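Good morning, colleagues. Please turn to the structure on the screen, which I shall take you through part by part.

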Amino acid sequence: MAVDHPAKSLIALQTDILEKVAYGEPLASVTDHLCRQAETIAADVICSVLTVDRDGRLRTLAGPSLPEQYSRAIDGIPIGPDIGSCGAAAYRGMAVEVTDIECDPLFDDYRSLLLPLGLKACWSSPIKARDGRVVGTFAFYFPTPRGPTDVEREVVARCTHICSIAIEHDENRRRMHELAFVDTLSGAPNRASFNLRIGQLTGATPKSFALMLIDLDHLKEINDTLGHAGGDMLVRTTALRLKTAPIAVEVFRIGGDEFAVVVPGCSTASEMTKAAHGLIEAISMPFQYGEHTIVSSVTVGGALYGCDGIDAETLYQNADFALYHAKAECRGGFVPFVPGMRTAITRRIQTIREVGDALSEGRVFAAYQPIVRIDTAEIVGVEALVRMRTPEGRIVPANEFHEAISDPRIGDNLTMQMLSEVTADVRAWLDSGISLQHVGINVASPDFQKGGLEDRIVEKFAAANVPLEHVILEINETVFMGGHDNHIARAAENLRAKGMRVALDDFGTGHASLTHLLNFPVDIIKIDKSFVDRMIEDHRSLVIVEGLIEVAHKLDMKIIAEGIETEEQANKLASLGCILGQGYRYGRAASAATTLELLRRFSQKPDSPSAYQVPYRLTA
């Protein structure tokens with residue numbers, strides 16, 4: 001029999017439930033206790049609490065007296081005007097009384113589940129949040145065909161109010177948890193979650209796993225060209241592809257363009273490499289953003305738990321070292337951690353610091369190496385090479401601090417310093433009446449990554465009143481092939497349109513193939529010194545040099561041989577049809593003042609019988 005005067009019991013129940021909510025007990029445990037107490041206060045009833053998820057589906061929260069099989073059967077059904085009494089109550093936002101389940105059409109699809117349980121009637125009431133949303137249902141099932149009594153109505157009124165408080169409190173708690181531990185843009189767990197997880201993995205019973213750090217290569221470019229909405233789409237798409245890749249992984253977004261991925265069960269370097277390439281492939285598929293096609297590229301560094309670190313800090317550091325190395329040497333690829341990386345990266349950091357100090361103290365300057373006609377040894381141009389002077393006075397060539405050039409800040413500062421010096425020197429030479437045809441300027445990956453390289457070059461040369469026809473932009477093929485080739489090609493083409501020429505430097509030492517000469521806007525090929533060094537003794541090197549010269553001629557490109565040191569090399573190149581060269585045979589890199597004297601003595605005169613077409617005469 002129902003309790004005649006349940007007010008005291010309901011007040012006690014409310015106090016008990018609110019205390020459990022305040023102390024942070026799980027919502028399922030709180031509502032389970034609520035149902036059991038409601039069944040005690042209103043005897044001869046069975047109670048259930050369902051929630052409504054974001055997709056408008058009912059989810060079983062509590063029903064301690066209902067068979068588990070029934071609770072599973074109704075979990076996930078959509079709300080609707082004719083979906084049982086609970087689905088209808090949630091849909092309509094008002095209580096629904098079914099006094100006889102056997103004949104009520106609301107239970108046509110669920111009658112066979114309830115009648116065998118001896119349940120003949122059901123009364124469902126919506127649970128509403130303070131903003132009016134229906135967040136759940138509270139139901140009484142009866143063993144006889146009937147409606148609720150006044151006492152039962154009072155119990156349900158109090159219980160739905162208590163449930164609304166408990167469910168809203170749980171929503172707020174989960175929302176606060178998401179703000180603290182979930183990245184709102186990608187929906188992936190954030191750095192705080194990652195720190196907790198990696199601590200658990202390294203602090204528990206040892207289990208094999210790999211930690212990979214993933215860097216988005218093009219996020220800044222997408223933000224600059226398509227706006228931050230485009231960049232946000234790239235981040236979300238990357239997170240989704242990582243989560244849905246055909247590899248079991250745990251994904252975390254730990255920075256603006258960086259993700260961390262845990263690969264459970266990964267115990268060998270080969271397994272980690274396979275997983276990394278699988279993730280790279282999953283991410284690299286193009287996707288549409290409005291009218292634009294975005295091709296995503298990532299760089300990955302990884303470390304194995306155990307051999308690469310057994311505590312969270314060491315493992316993360318080593319994965320970060322691997323990523324750092326990958327971004328400098330293997331953009332768009334994967335690099336696993338190896339012990340020597342710590343030393344190499346520490347050295348690189350030290351080099352970056354030394355070059356930064358040299359820049360701030362004015363110890364970085366331009367030196368110039370002549371480019372000559374091999375047949376006459378006349379200087380037709382120079383290549384500007386960066387040099388650094390140590391505090392002790394030693395002149396340091398670029399190959400001793402090249403690691404610093406890949407740093408975005410240092411690389412950009414070096415380029416700006418070189419442009420300032422080169423433009424001033426070229427203007428001084430022209431004012432001295434020197435017949436200078438061109439100056440070659442080397443650019444590195446950071447120059448293109450920052451964007452606006454064309455504008456900066458144009459501004460510098462315009463400020464010094466130096467026509468761009470005197471400028472050759474020298475791009476190392478490792479820069480061209482470093483994952484930003486389309487962006488670099490566009491920038492190079494824009495500069496060519498303004499009168500500059502583009503040279504592909506050190507050709508043959510990287511990964512570029514001859515087919516790229518058809519797609520990349522190249523005017524000049526510079527044969528790498530390594531081929532010139534060996535071509536006299538090594539027939540294969542000679543064949544390569546001869547082939548490059550022939551290809552350049554047929555593509556109407558100019559060719560310059562680098563690293564000429566002997567008369568025999570010069571004569572052989574000339575016999576093969578290579579007209580232009582540079583190397584120690586003709587001069588080492590020298591200061592602007594020394595170069596001025598060399599130009600006065602040996603530069604090709606405009607009225608020479610073998611003079612080239614003015615103003616750009618780098619041709620045979």
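Over the face of which ring does Arg146 lie? The ring is that of Phe142, and Arg146 sits 3.9 Å from the ring centre. Before I continue, please bear in mind that this is a predicted model.

Phe142 also belongs to a group of aromatic residues, for ring pairs link Phe138, Phe140 and Phe142 into a cluster. Another arginine placed over a ring is Arg153, which lies over the face of Trp123 at 5.3 Å from the ring centre.

Let me turn to the sheet in this part of the chain. It is an open sheet of five strands, antiparallel in its pairing, with the order 2-1-5-4-3. Its edges are formed by strand 2, residues 58–62, and strand 3, residues 96–98, each of which pairs on one side only. From one strand to the next, the twist averages 25°. Strand 3 runs antiparallel to strand 4, residues 121–128, and three bridges join the two.

Helix 6, residues 150–181, lies across strand 1 (46–52), strand 3, strand 4 and strand 5 (134–142). Relative to strand 4, helix 6 runs at about 40°.

How many bridges join strand 6 to strand 11? There are seven, and the two strands run antiparallel. Within that pairing, Ala210 has Leu304 in strand 11 as its bridge partner.

Within helix 11, I would draw your attention to Asn318. Is this residue buried or exposed? Asn318 has a relative accessibility of 4%, so it counts as buried. Leaving aside neighbours within four places in sequence, Asn318 is in contact with Ala303, Asp308, Phe337 and Arg342.

The loop between strand 11 and helix 11 contains Gly306. At 36% relative accessibility, Gly306 counts as partly exposed. Gly306 and Lys207 are 99 residues apart in sequence, and their C-alpha atoms are 8.9 Å apart in space.

Next, the aromatic pairs. A search of the whole structure finds seven of them. Why does the pair of Phe209 and Tyr305 count as stacked? The ring centres are 5.0 Å apart and the planes stand at 15°, which is under the 30 degrees required for stacking, so the pair is stacked. This pair links distant parts of the chain: Phe209 is in strand 6 (residues 209–216), Tyr305 is in the loop between strand 11 (298–304) and helix 11 (312–329), and 96 residues separate them. Phe209 is buried at 2% relative accessibility, and Tyr305 is buried with a relative accessible area of 16%.

Tyr368 and Trp429 provide an edge-to-face pair, 4.9 Å centre to centre with 70° between the planes. This pair also links distant parts of the chain, with Tyr368 in strand 13 (residues 364–373) and Trp429 in helix 14, 61 residues apart. Both Tyr368 and Trp429 are buried.

These two residues lead us to the largest nonpolar core, which has 75 residues. Tyr368, Val422, Trp429, Ile457, Phe461, Ile475 and Leu573 are the members that touch the most other members. Helix 14, residues 408–431, gives the largest share of this core, namely nine residues. Not counting residues up to four places away in sequence, Leu573 touches Ile374, Val532, Met535, Val545, Ala561, Ile564 and Cys578. Apart from this core lies another, of 32 residues, including Cys35, Ile41, Ala129 and Ala166.

That concludes my presentation, and I thank you for your attention.

How values were computed. Residues numbered from 1 in each chain as written. Predicted model: local features only at pLDDT ≥ 70, side-chain atom pairs only at ≥ 80, totals over all residues. Heavy atoms only, no water. Pairing = 2+ DSSP bridges. Helix = DSSP H or I, 4+ residues; strand = E, 2+ residues; numbered from the N terminus. Axes fitted to C-alpha atoms, helices over the stretch in contact; angles between N-to-C directions. Contact = heavy atoms within 4.5 Å. Core = buried A, V, L, I, M, F, W, Y, C linked by side-chain atoms within 4.5 Å. Buried < 20%, exposed > 50% of the residue type's maximum accessible area, 1.4 Å probe, protein only. Phe/Tyr/Trp six-rings, centres within 6.5 Å; stacked < 30°, edge-to-face > 60°. Lys NZ or Arg CZ within 6 Å of the ring centre and 35° of its normal.
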